[in-house]
Amino acid sequence: MSDHSKAGLTKRLKNRFWSLFPHHAIAPFRFELRLLKVRRRASLVRRRYRGARGLLVNLGAGPHGRPGWVNVDISRERGVNCVYDLRRDLPFEDGAVAGLFCEHVLEHLHRSEEAPRFLRECFRVLEPGGVFRVIVPDGGRYLRAYSQEGWAALDALRGTDAEHRDPWSDGRYRTKMELVNEIFRQNGEHQYAYDAETLIADLREAGFDRVIEQSFGVGQDARLLLDRPSRAAESLYVEALKTAARPNFSTT
Ligand SMILES: C[S@@+](CC[C@H](N)C(=O)[O-])C[C@H]1O[C@@H](n2cnc3c(N)ncnc32)[C@H](O)[C@@H]1O
């Protein structure tokens, strides 16, 4: 077979494959395949932190890792010094972490299969008296803005311009519902939209007995105030404190 007809056959097979398995169905599978290498190295990462205490950990840091912190992410971004899948048990010993920071990451974890385990792990690794600062897009605030007349409230949250162009994605929204879906779904990357009540309930369920809503730049541990100003308008800020007391597993 000539190179030309081989290339034609490959193209036809590819087209056939993509018609059987649409991109939106395959994308999560590809993501998991890409992660196999990261997951294989998990035990090495755990070994690195054996015996470590008093750590400050940025979970899902992306390119915003800080010196002196353990900056965890599945992507090997600049500043990431711990490449690890947060859906596995965290690579730190019980009570080894002095403070946890997690900005715009929790919504990427599956609400029932992944997020509860992740939150329980955060509770486990924190030292008594340690704070977990969690920041997510504020689903409640977006719904309130959506139900107001006109675009002003939504544009103010997202930072979209007069033509509703999104500074984060380069997309342009024709309708308010398109914008809300971008926040809640982000092309399938976002698994859940939280409001304060739900996030607080989930953190209590994970074992934290003192959970409060905070605001941008305000918190119980000054070291954890890494909040990015560009996310302030649209974000929900919650802090969960691990007291020395026995965890309270009530859901109220
Ligand atoms: C929207 S970005 C937020 C990055 C940074 N925290 C910020 O505020 O700009 C979400 C980050 O979570 C990371 N992430 C998503 N799922 C993850 C997982 N299972 N394990 C580790 N990191 C994950 C992504 O790679 C990405 O860097």
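Mentor: The discussion below concerns a predicted model.

Trainee: Which domains does the assignment give for the protein chain?

Mentor: The assignment gives domain 1 (1-40), domain 2 (41-138 + 194-241) and domain 3 (142-183).

Trainee: What separates the centres of domain 1 and domain 2?

Mentor: Taken over C-alpha atoms, the centres of domain 1 and domain 2 are 34 Å apart. Seven residues from domain 1 and nine residues from domain 2 take part in the contact.

Trainee: How much area do domain 1 and domain 2 bury between them?

Mentor: About 760 Å² is buried between domain 1 and domain 2, and 50% of it is on carbon and sulfur atoms.

Trainee: How many salt bridges are found across that interface of domain 1 and domain 2?

Mentor: There are two salt bridges across the interface of domain 1 and domain 2. On the side of domain 1 that touches domain 2, three residues are nonpolar, none is polar and four are charged. Between domain 1 and domain 2 there are also seven residue pairs in polar contact.

Trainee: Which residue forms a salt bridge with Glu32?

Mentor: Glu32 pairs with Arg87, and their closest N and O atoms are 2.8 Å apart. Arg87 also forms a salt bridge with Glu114, where the closest N and O atoms are 3.4 Å apart.

Trainee: Why does the pair of Arg87 and Glu114 tie together parts that are apart in sequence?

Mentor: Arg87 lies in the loop between strand S3 (82-83) and strand S4 (97-103), whereas Glu114 lies in the loop between S4 and H4, so the pair joins parts that are 27 residues apart in sequence.

Trainee: How many salt bridges does the count come to?

Mentor: The count comes to 18 salt bridges.

Trainee: Changing topic, how many aromatic pairs are there?

Mentor: There are five aromatic pairs. One of them is formed by Phe123 and Phe208 and is edge-to-face, with 5.1 Å centre to centre and 85° between the planes. Phe123 lies in helix H4 (residues 115-125) and Phe208 in the loop between helix H8 (196-205) and strand S6 (210-214), so this pair ties together parts that are 85 residues apart in sequence.

Trainee: Where does Asp94 lie, and which residues does Asp94 touch?

Mentor: Asp94 lies in the loop between S3 and S4. Not counting residues up to four places away in sequence, Asp94 touches Arg53, Arg124 and Val125. The side chains of Asp94 and Arg124 are joined by a polar contact of 2.7 Å.

Trainee: What separates the C-alpha atoms of Asp94 and Leu20?

Mentor: Those C-alpha atoms of Asp94 and Leu20 are separated by 46 Å, and the two residues are 74 residues apart along the chain.

Notes: Residues numbered from 1 in each chain as written. Predicted model: local features only at pLDDT ≥ 70, side-chain atom pairs only at ≥ 80, totals over all residues. Heavy atoms only, no water. Domains from an automatic or database assignment. Contact = heavy atoms within 4.5 Å. Buried area = accessible area lost by both parts, 1.4 Å probe. Salt bridge = Lys/Arg side-chain N within 4 Å of Asp/Glu carboxyl O. Polar contact = N/O pair within 3.5 Å; in protein donor to acceptor, adjacent residues only side chain to side chain. Nonpolar A, V, L, I, M, F, W, Y, C, P; charged D, E, K, R; others polar. Phe/Tyr/Trp six-rings, centres within 6.5 Å; stacked < 30°, edge-to-face > 60°. Helix = DSSP H or I, 4+ residues; strand = E, 2+ residues; numbered from the N terminus.
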